[in-house]
Amino acid sequence: MPFFALAANRSGGWKLTLSRKVAYRSLSLFAILGYLVTMIAVAQLLRAFGGTIASGAQVLLVLGMSLAALILLPSDRFRAWFKVKATKHFFQHRYDYRAEWIRFTETIGRPGDGTAPFHERVIKAAADISDSPAGLLLAPTENGRLQLQARFNWPTADVPAQACTAGTIGYFQSTGRIVELDALRSGQDTLTDRRAIPDWVVMESNAWAIVPLVHFDRLAGLVVLSRPLIERQLDWEDLDLLRLVGRQLASYLAEARSQEALREADQFDEFNRRMAFVMHDIKNLVSQLSLVASNAERHADNPEFRADMIATLQNSVGKMNTLIRRLTGYARSTGDGIRAIDAERIVRSVIADKAQRHKVVASSAPRMALMADPAQLEQVLGHLIQNAIDASGPDSPVFVSLSREGLTGVIEIVDHGSGMSAEFVRGKLFKPFISSKADGFGIGAYEARLLVEAMQGRIEVESREGEGSRFAVYLPLATRIENDEVGNNAPHLAAKVS
């Protein structure tokens with residue numbers, strides 16, 4: 001204090017600036033000293049005027065005030081309230097921008113074994129600005145929708161598979177507006193387009209603000225922040241800092257996606273190199289069979305040649321079957337083009353093939369015409385039903401059903417097998433070269449989604465570990481079925497129960 005006094009009275013004046021940490025700790029020290037002085041003063045008054053009960057009253061006072069201090073001081077809510085009050089009355093600005101930027105950089109830029117995953121750090125970096133204890137990150141998918149990417153301390157938030165409305169991405173992409181949800185709920189916010197805000201966010205009472213992450217006029221994600229421990233409204237400092245942090249986080253997300261795309265490109269390049277060896281094996285087999293065919297014209301009557309030819313053919317067939325098994329997960333059909341098809345016929349055909357090795361149960365359904373490529377749809381259903389069979393036990397059947405939902409047809413494949421974790425479904429199921437099976441290539445689900453999206457459809461997944469999985473293929477309905485797709489004697493799907 002003497003040094004501060006000398007500095008303040010120096011001729012010409014010195015500008016003294018206390019750091020917020022020193023200010024908070026000094027105020028905390030004075031508050032504790034004031035609390036102790038008050039307790040001692042009241043205890044002395046009780047001793048002076050309390051009469052016969054003075055000693056007991058003093059003990060109760062000291063115990064009560066000590067207990068109150070032990071409850072208040074460790075409380076996060078009390079510390080947050082104290083910080084807000086000190087900032088409001090002792091500082092010109094709400095934030096120490098240097099400290100905030102250092103904390104932001106430390107949070108987002110320090111990966112390691114002891115840190116949270118990248119997408120959780122993105123949420124935390126934004127939540128720390130407003131002292132929000134939790135948050136959600138919604139990221140755009142390839143089909144132009146938003147889905148839950150990560151959670152931070154918010155396991156109870158009920159986020160649907162499609163986490164946005166038709167106008168959500170376009171609205172936040174064009175405006176970059178930070179939405180304070182309490183003002184929107186009360187009707188005070190008249191500038192925000194209510195149609196762009198998903199209903200589940202408004203219904204979630206703990207949701208406090210939506211921060212868009214915009215990178216070069218493209219929405220990289222939305223961060224939904226939970227309520228801070230001390231209720232308050234966003235002011236201009238909050239909005240400016242959150243907007244700046246949102247742009248920086250958007251650039252980090254864009255960089256991460258670029259690195260992921262490069263990594264996938266490298267994986268496909270490696271796959272192409274491996275395919276070169278496979279094609280070499282196929283070429284050798286073709287040469288071998290061509291030699292057998294050419295010699296058969298001259299030596300067909302020779303018993304030894306016939307025996308050798310049969311052995312060669314058996315050996316070649318075995319090698320080709322091995323190659324087919326290796327390539328089945330990677331095959332891409334050129335397809336017959338998108339047209340109106342009989343969905344029941346396609347499903348019945350796939351079930352007939354798969355039911356030879358595992359029990360597949362098909363439920364009855366109305367005749368349904370879908371707009372799809374029949375070869376590609378058969379390939380998709382083959383992937384999904386085979387995955388369900390692989391995940392199920394020998395005595396656990398796979399269930400297949402057809403239904404209508406608005407202007408779309410739905411083909412559901414349900415199993416009660418091992419299931420998948422929410423993290424695997426969200427981040428790895430539809431990624432190439434990632435599989436939950438020990439001998440899987442990780443291409444089937446990735447290829448199935450690409451094929452369905454090429455047919456203007458989508459795939460939705462629900463799964464729980466130890467309980468099973470549900471895959472639903474959504475495709476647009478057609479007005480009619482082509483004549484060659486349906487025969488008069490085609491059996492109904494319900495009749496195909498294996």
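Let's start with a pair of helices: the axes of helix 5 (residues 97-108) and helix 6 (residues 118-127) come within 9 Å of each other and cross at roughly 165°. Angles over 145 degrees count as roughly antiparallel, so helix 5 and helix 6 are roughly antiparallel to each other. Keep in mind that this is a predicted model.

**Helix 5 and helix 6**

- Helix 5 passes helix 6 in a right-handed crossing.
- On the helix 5 side, the contact is made by Phe-104, Thr-107 and Ile-108, and these meet Phe-118, Arg-121, Val-122, Lys-124 and Ala-125 of helix 6.
- Sorted by class, the contact of helix 5 with helix 6 has five nonpolar residues, one polar residue and two charged residues.

**Aromatic pairs**

- The count of aromatic pairs comes to three.
- One of them joins Trp-101 and Phe-104, which are stacked with 5.0 Å from centre to centre and 25° between the planes.
- Trp-101 and Phe-104 are three residues apart in helix 5, so about one helical turn separates them.
- Phe-104 also takes part in the contact of helix 5 with helix 6.

**A hairpin**

- Strand 1 (residues 135-140) and strand 2 (residues 146-152) run antiparallel and are joined by six bridges.
- Leu-137 has Ala-150 in strand 2 as its bridge partner.
- Five residues lie between strand 1 and strand 2 in this hairpin, and Gly-144 in the turn has a positive phi of about 80°.

- Five strands make up an open sheet with mixed pairing, in the order 7-9-10-12-11.
- Strand 7 (360-362) and strand 11 (458-464) are the edge strands, each pairing on one side only.
- From one strand to the next, the twist averages 20°.
- Within this sheet, strand 10 (residues 408-415) pairs with strand 12 (residues 468-476) in the antiparallel sense, over eight bridges.
- Val-410 stands opposite Tyr-474 in strand 12.

**Helices on the sheet**

- Helix 13 (residues 374-391) lies across strand 7, strand 9 (398-405), strand 10 and strand 12, and runs at about 25° to strand 10.
- Helix 15 (residues 444-454) packs on the sheet and touches strand 11 and strand 12, with its direction at about 145° to that of strand 11.

**Helix 13 with helix 15**

- The axes of helix 13 and helix 15 are 9 Å apart, and the two helices pack at an angle of about 150°.
- Helix 13 passes helix 15 in a left-handed crossing.
- Helix 13 brings Gln-376, Gln-379, Val-380, His-383 and Leu-384 to this contact, while helix 15 brings Gly-444, Glu-447, Ala-448, Leu-451 and Val-452.
- By class, the contact of helix 13 with helix 15 has five nonpolar, four polar and one charged residues.

**Helix 13 with helix 12**

- Helix 12 (residues 343-354) and helix 13 have axes that come within 9 Å and cross at roughly 40°.
- Helix 12 and helix 13 are therefore oblique to each other.
- Here helix 12 passes helix 13 in a right-handed crossing.
- Residues in this contact include Ile-346, Val-347 and Lys-354 of helix 12, along with Pro-374, Leu-377 and Ile-389 of helix 13.
- The class count for the contact of helix 12 with helix 13 is nine nonpolar, three polar and two charged residues.

Key. Residues are numbered from 1 along each chain as its sequence is written. This is a predicted model: local features need pLDDT of at least 70, side-chain atom pairs count only at pLDDT 80 or more; totals for chains, interfaces and linings use all residues. Side-chain values use heavy atoms; hydrogens and water are left out. Axes are lines fitted to C-alpha atoms, for helices over the stretch in contact, and angles run from 0 to 180 degrees between N-to-C directions. Helices (H or I, at least four residues) and strands (E, at least two) are DSSP runs, numbered from the N terminus. Angles under 35 degrees count as roughly parallel, over 145 as roughly antiparallel, 65 to 115 as roughly perpendicular and the rest as oblique. A crossing is left-handed if the near helix is turned anticlockwise from the far one by less than a right angle, and right-handed if clockwise. Contact means heavy atoms within 4.5 Å. Ala, Val, Leu, Ile, Met, Phe, Trp, Tyr, Cys and Pro count as nonpolar, Asp, Glu, Lys and Arg as charged, and the others, Gly among them, as polar. Two strands pair if DSSP finds at least two bridges between them. Rings of Phe, Tyr and Trp (its six-membered ring) pair if their centres lie within 6.5 Å; planes under 30 degrees apart count as stacked, over 60 as edge-to-face and the rest as tilted.
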